[in-house]
Amino acid sequence: MGEARRVRITETVLRDAHQSLIATRMSTKDMLPVLERMDEAGYWALEMWGGATFDSCMRFLDEDPWDRLRLIRSRIKRTKLQMLLRGQNLVGYRHYADDVAREFVKRAVGNGIDIVRIFDALNDLRNVETTADQVKKEGAHLQLCISYTLSPVHTLEAFAEMAQRMAEMGADSIAIKDMAGLLSPVDCAKLVRAIKERVSLPIEIHSHSTTGLASMTYYAGLEAGADIVDTAISPFSLGTSQPPTESMVAALAGGELDTGIDLEKLLPVCEHFKKVREKYKALLPAVAGVNINILRYQIPGGMYSNLVNQLKEQNALDKLEDVLKEVPVVRKAMGYPPLVTPSSQMVGTQATLNVLTGQRWKVIPKEIRLYFQGYYGQPPAPVDPEVRKIAIGDEEPITCRPADKIAPELAEARRAVRAWSLQPEDALTWVMFPAVAKDFLPRRFGRVTKRDIGFGDPVDGMAYPV
C-alpha cells in the first residue's frame with residue numbers, strides 16, 4: 001500500500017503564502033532565481049497564479065500578471081503550474097460574462113497553467129459551470145473546490161453530495177478549501193471518508209495555520225484517504241499561511257504516506273525564501289501565532305483583521321466583541337454563506353453597520369441588496385424573508401444563474417484597448433480591472449500620450465513613462 005500510495009505536495013509560496021503573509025507583494029523578480037530548484041524538488045504542483053496576485057501585480061508591483069505566468073512557465077519544465085479561479089468572478093470581484101470567462105480560461109491555460117482550481121463563494125455550482133467546461137475543453141486539469149464552512153446546513157451529507165455533482169461536471173480532483181483554518185482533524189477525516197464513499201477522485205486539502213489546527217488536520221485527512229496537501233516553504237509558512245513544507249515532508253517520511261520528496265532538495269528553496277522574507281519583513285504581521293478568536297467566532301483570519309481595522313477607523317474598537325457576536329446573526333439571515341471573498345466582506349460590513357448604527361438592517365450596502373436579489377447566486381439556505389423585504393422590498397429575486405443576466409463584454413473591451421494593446425490578454429485585464437488597466441496598460445506600452453487614452457490634453461506632449 002505504501003508503494004502504491006504516495007502523498008503529493010502542492011507548494012503555495014508563489015501565490016497563497018505571500019498573499020496571506022505579505023499582502024500579495026512578492027515580485028516576480030524575487031521568484032525567478034529559485035524556480036529551477038523548485039522544479040527539481042519533486043512537488044506535485046506549484047500554486048503560482050490567480051487569487052489576488054493578478055490585480056496586485058499591476059496595482060502594487062507595476063508588473064503584467066500574464067508576463068509573470070509566461071516567465072515562470074519558461075523555467076518550470078516538469079512540475080505542474082496551478083492557479084486559483086473564483087468561478088464566474090475569475091480573478092476579479094464581480095461576475096463576468098460567459099465570453100470573458102471562457103476567453104480567460106483559454107488564455108490562462110494557453111500561457112502555461114496546468115491545473116485550474118475553481119471555487120464559488122456560495123458553493124453554487126452554477127457559478128462554476130462555464131469556467132469548468134472551458135478548462136475541460138482546453139485539456140487542463142479541472143479541480144473543483146468545496147468552500148468549507150460551519151453551519152446547520154453544511155453537513156457531511158451536503159458536502160459529499162456536492163463532491164458527487166463536481167465529479168459529474170468533469171472534475172479531475174476535488175479540493176477541500178478551508179479558508180479560515182476551521183477544519184479540525186476529526187471533522188477532516190470524516191469529510192474525506194464521506195467524499196471518498198461517493199467519488200474515486202483525488203482529494204486535496206487546503207487550509208491555513210491561523211488556528212493552529214492545519215498540520216494535524218492534514219495528517220488526519222491523509223490517513224483517511226486524502227491524496228494531496230497544500231504547504232508553504234518554511235520562511236513563508238504558519239500564521240495565516242499554510243503549514244511548512246519541510247515539516248510535512250519530514251513528518252510523513254518512511255511511512256505509508258511518504259511524499260517521496262528529499263528534504264535536501266528543499267534546502268536551497270528555503271534558503272532563497274529566507275532572504276526574500278527579510279526583504280519584505282516590514283509587511284509581515286506583527287503577531288504570527290495562533291489566533292484563538294478565529295476558533296471562537298468561526299471566521300477567517302483576514303475577516304477578523306478587516307473588522308478590527310474598520311472599527312479602528314471609526315474609533316469604535318471597543319465594539320469589536322459586539323460586532324463579532326453580530327456576525328452569526330447576519331450570516332444566518334443571509335442563508336449561511338461561507339465566509340470567503342466576497343461574502344466574508346459583505347457579512348462583516350453588515351455586522352459592523354448593525355452595531356454602529358444601533359439598529360439591525362438600518363443601513364444596507366448595495367452589495368447586500370444585490371445578494372438578496374440573487375445576483376451572487378443561490379445562498380446555501382433560505383434567507384430570512386423579513387430581512388429580504390427590508391433589503392429589496394417586494395421585488396422577486398432572480399432564480400437563474402447570475403451570469404445569464406450579463407451581456408457579452410469581450411468585444412467592447414477589445415475596442416477599448418485597441419489603441420495600446422500589446423497582447424490579446426489585455427482585453428481581459430481591462431474587463432476585470434478597468435480603473436487599474438487604464439493606468440497600467442498605457443504605461444507599459446510606452447510612448448502614449450494622455451490624450452490618446454482619454455485623460456484630457458497632454459502637458460507639453462508629455463508621455464507616460466515606460
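Q: Hi! Where is the place of W361?
A: W361 is in the loop between helix 16 and helix 17 (366-372). Helices here are DSSP runs of H or I with at least four residues, strands are runs of E with at least two, and both are numbered from the N terminus. This is a predicted model, where local features need pLDDT of at least 70, side-chain atom pairs count only at pLDDT 80 or more, and totals for chains, interfaces and linings use all residues. Residues are numbered from 1 along each chain as its sequence is written, and side-chain values use heavy atoms, with hydrogens and water left out.

Q: Is W361 buried or exposed?
A: W361 is buried, with a relative accessible area of 8%. Buried means under 20% relative accessible area, exposed means over 50%, and partly exposed is in between (1.4 Å probe, protein chains only).

Q: And what is its phi, for W361?
A: W361 has a positive phi of about 65°, although it is not a glycine. Most residues other than glycine have a negative phi.

Q: What about N315, buried or exposed?
A: N315 counts as exposed, at 71% relative accessibility. N315 also has a positive phi, about 50°, without being a glycine, and it is found in the loop between helix 14 and helix 15.

Q: Oh, those helices. At what angle do helix 14 and helix 15 pack?
A: Helix 14 (residues 301-313) and helix 15 (residues 320-333) pack at about 135°, with their axes 10 Å apart. The axes are lines fitted to C-alpha atoms over the stretch in contact, and angles run from 0 to 180 degrees between N-to-C directions. Helix 14 and helix 15 are therefore oblique to each other; angles under 35 degrees count as roughly parallel, over 145 as roughly antiparallel, 65 to 115 as roughly perpendicular and the rest as oblique.

Q: Which residues make the contact?
A: From helix 14 they are M303, Y304, L307, V308 and L311, and from helix 15 they are L320, V323, L324 and V327. Contact means heavy atoms within 4.5 Å.

Q: New topic: where is the place of E204?
A: E204 is in strand 7 (residues 203-206), and E204 is buried, with a relative accessible area of 0%.

Q: Which side chains does the side chain of E204 make polar contacts with?
A: The side chain of E204 makes a polar contact with that of T10 at 2.8 Å, and another of 3.1 Å joins the side chains of E204 and R117. A polar contact is a pair of N or O atoms within 3.5 Å; within protein, one must be able to donate a hydrogen and the other to accept it, and residues adjacent in sequence count only if both atoms are side-chain atoms.
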